[in-house]
Amino acid sequence: MEGLAEAGSGGHLAPLLDGVGGGLDAALLRRLYAGHFLARWGARMWEFSVGLYMIRVWPGSLLFAAVYGVVESAFGPMVGTLVDSLTYLQVLGLWLLVQSLSFIVAGISVTVLLVYDDLKVTSLPVFVALVVVTNVSGALAALSTLAGTILIEREWVVVMCGGHPPAVLTRTNSAIRRIDLSCKLLAPVLSGFLISFVSAQASAVALALWNVASVWLVYWLFVSVYNGVPALGANSLARDAAAAAPEADEAVQGHGRDASDWSERLTTRLSVLPCWESWAVYARQEVLLPGVALAILYFSVLSFGTLMTATLDWEGIPAYVISLARGFSAMVGIAATVVYPAAHARLSTLRTGLWSIWTQWCCLLLCVGSVWVGGRVASAWVLMAGVAASRLGLWMFDLAVTQLMQDGVPDADRCAVGGVQSSLQSVFDLLTYVMGIIVSDPRDFGELIALSFLLVTCAAAMYTLHVYRVRKHLFHLDKIFAKMQ
């Protein structure tokens, strides 16, 4: 909601009001923010609630929660290629249609599983069928949401801010992220209170009804933005032309290749793999290490995600308490979107990312310590506190890497790189749930905490290496020594 209020005031977006051809105005910006808010609300409701649903469907085990996460993440690498091959309006329509229908189906199937909680005993085939429907529909909804994220955050925002000072892009990224985190704050609170004080079934029904009511409004808001910004239409046509050009070039160049060149033969064989060309483009970027470092952070249970939420519920923490803790975590993330522009203005994008990821690392030391804290409930509270505090560094780092990629990736490669980045994040997210299947006993959750912290350490080291390669130093030692004298 804070992001919507900022959009209404004009604020930092005043330079955008000149637009391209005079077509962009404050009303369009409000529609962009409102559409993003409405679309993200349903996604955040489901993201929080699905872990609680699954632990109720199969009490005492993280297996179902982990299996759902595997299904959701397994097909992420396909989304980037799909987005790159369609026009903006095609992606928009497909995203909203699939997301809404999938959440409606998932809400209905979960409601049946929760109402008839003895199905696994009385009618196992029906139980299995409903679990499959829930997993597949929820995964489709998540994948369509990923397509929408690529479209709005990595394409439209960059195009709309083109030709304006870098500070405009910085603040717009922060506003978009603030809206998402506002949904992450408010939607779980609503779901948590419904689950705790009404029922889990009521929460699932509310999710389905929300998507029925909102999808048409969201589509109208985004289409009005597209029609009101000529640069979006022009860029969409340019993407189509660019997508066709490589095929023609490849046909011409194919006749001149030396068949004896082993590297050419290897490239030819690898090119049959799905999305190979997009991954090759990604690997050539100067921002490769920051992108991979950000993706590694998705291989973590320290996130108030499905596995951590299910574990806290198993520990006996009430659903409304978990939702409030998650809400506080989102508030810390919202604070990060306010702090980031100021830090960016003082430190630059590269150095802001460095300080941010090590801030996250320091906060997560609490979570590692929670493994050795006496008492399950006390350990759970320490875990929630550490994860919530770490969101300041995490979201500032996310914004820094996003802007590094927006600034450093050529226009022709931006959508492909954005798709691969989202796909890579999905792959690491998938690995998290694979580990959840392997370590499915909630009593062993400490092992997943330790692994997650080790991977955050690896990501921080990787980004630090990138900073050193670019700047040739990490600290201004001459200034430090001068102050010591």
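Among contacts in this protein between residues at least 6 apart in sequence, 84% join residues that are at least 24 apart. The model is a predicted one, and it contains 20 helices and zero strands.

| Helix pair | Angle | Distance between axes |
|---|---|---|
| Helix 7 and helix 8 | about 140° | 11 Å |
| Helix 2 and helix 14 | about 50° | 8 Å |

Helix 7 covers residues 124–160 and helix 8 covers residues 166–197, and the angle of about 140° at which they pack makes helix 7 oblique to helix 8. The crossing of helix 7 and helix 8 is right-handed. On the side of helix 7, Glu153, Val157 and Val158 take part, and they meet Leu169, Thr172, Asn173, Ile176 and Arg177 in helix 8. Sorted by class, the contact of helix 7 with helix 8 holds four nonpolar, two polar and two charged residues.

Helix 2 covers residues 26–57 and helix 14 covers residues 306–314, and with an angle of about 50° between them, helix 2 is likewise classed as oblique to helix 14. The crossing of helix 2 and helix 14 is right-handed. Helix 2 contributes Glu47, Phe48, Val50, Gly51, Leu52, Ile55 and Arg56 to the contact, and helix 14 contributes Thr306, Thr309, Ala310 and Asp313. The residues of the contact of helix 2 with helix 14 divide into five nonpolar, three polar and three charged.

Returning to helix 7, two of its residues may be looked at individually. Asn135 lies in helix 7 and has a relative accessibility of 6%, so Asn135 counts as buried. The C-alpha atoms of Asn135 and Val110 are 9.8 Å apart in space, although the two residues are separated by 25 residues in sequence. Ala129 also has its place in helix 7, but Ala129 is partly exposed, with a relative accessible area of 40%. Between the C-alpha atoms of Ala129 and Ser109 the separation is 9.4 Å, and these residues stand 20 residues apart along the chain.

Notes
Residues numbered from 1 in each chain as written. Predicted model: local features only at pLDDT ≥ 70, side-chain atom pairs only at ≥ 80, totals over all residues. Heavy atoms only, no water. Helix = DSSP H or I, 4+ residues; strand = E, 2+ residues; numbered from the N terminus. Buried < 20%, exposed > 50% of the residue type's maximum accessible area, 1.4 Å probe, protein only. Axes fitted to C-alpha atoms, helices over the stretch in contact; angles between N-to-C directions. Parallel < 35°, antiparallel > 145°, perpendicular 65-115°, else oblique. Left-handed = near helix turned anticlockwise from the far one by under 90°. Contact = heavy atoms within 4.5 Å. Nonpolar A, V, L, I, M, F, W, Y, C, P; charged D, E, K, R; others polar.
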